[in-house]
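Please walk me through the salt bridge in this model and the strands around it.

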Amino acid sequence: MKSIWKSTLLKFAMGSLLAVCCNTGVASAQNGTVNGTFTLPYETHWQRLTLPAGEYTFVMNRGPAQLVRILHEGKAVGYVATRVVDYVLESRPMSLTIARNEAGNTVRDLDLSTMGEVLHFPVSKPPRGSAAAERESIQLVPITITG
C-alpha cells in the first residue's frame with residue numbers, strides 16, 4: 001500500500017514540476033519588448049490610426065494586453081492594443097496581414113509566429129455576400145525584428 005502511495009506521489013510531484021517549468025518558459029517569453037520595422041506601400045488603417053505609405057518602426061510591450069507603439073521617421077504616431085493573441089508553434093515569415101477592400105487597407109494581424117505569437121486586431125468587414133466582401137484581398141507586408 002505504501003509503495004503505491006509513494007509511486008503516485010512521485011508521479012504527481014514530477015508532473016507538477018514539469019508544469020511549473022513549462023509555464024515559467026511561457027511567462028518569461030511573454031514579458032519584455034519586441035522592436036521591429038516594416039514598410040507600408042500605401043496608406044493603411046490600423047485601428048484608429050491612419051498611416052501613410054512609408055517606413056515604420058514598432059515597439060511592442062509583451063504581457064497580458066499587447067501594446068504596440070508605432071513610430072514614423074523617429075516620431076511616435078500612436079499606439080494600438082490587442083488582447084487577442086494566438087500562440088502558434090509553426091514558423092512562417094513575420095508580417096503584417098493587411099485586408100484590402102473598397103473601404104481601404106486595414107491591418108488585421110501582426111504575425112510574430114517565429115516568436116510563437118500572432119496578434120489579431122479588429123477589422124470592420126463588409127457583410128457576407130456583398131460585392132465589397134467578394135473583392136477583399138489579403139496582402140502580407142514583411143516585418144523585421146531588430147534588437
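Aspartate 111 pairs with arginine 92 in a salt bridge, with 2.7 Å between the closest N and O atoms. The term is used here for a side-chain nitrogen of Lys or Arg within 4 Å of a carboxyl oxygen of Asp or Glu. The structure holds one such bridge. Side chains of opposite charge can pair when their charged atoms come close.

The model is predicted, so local features need pLDDT of at least 70 and side-chain atom pairs count only at pLDDT 80 or more, while totals for chains, interfaces and linings use all residues. Residues are numbered from 1 along each chain as its sequence is written, and side-chain values use heavy atoms, with hydrogens and water left out.

Strands are DSSP runs of E, at least two residues long, numbered from the N terminus. Aspartate 111 is buried, at a relative accessible area of 7%, whereas arginine 92 is partly exposed, at 31%. Buried means under 20% relative accessible area, exposed means over 50%, and partly exposed is in between, using a 1.4 Å probe and protein chains only.

Aspartate 111 also takes part in strand pairing: its bridge partner is serine 95. Two strands count as paired if DSSP finds at least two bridges between them. Strand 8 and strand 9 run antiparallel and are joined by seven bridges. They form a hairpin with two residues between them. Elsewhere in this pairing, arginine 100 stands opposite asparagine 105 of strand 9.

Strand 8 has a further partner, strand 11 (residues 137–146), with which it pairs in the antiparallel sense over six bridges. In that pairing, alanine 99 stands opposite isoleucine 138. Six of the seven residues of strand 8 are buried, so the strand is mostly covered.

Strand 9 is mostly covered too, with eight of its nine residues buried. Strand 9 is also joined to strand 10 (residues 117–120) by four bridges, and these two strands run antiparallel.
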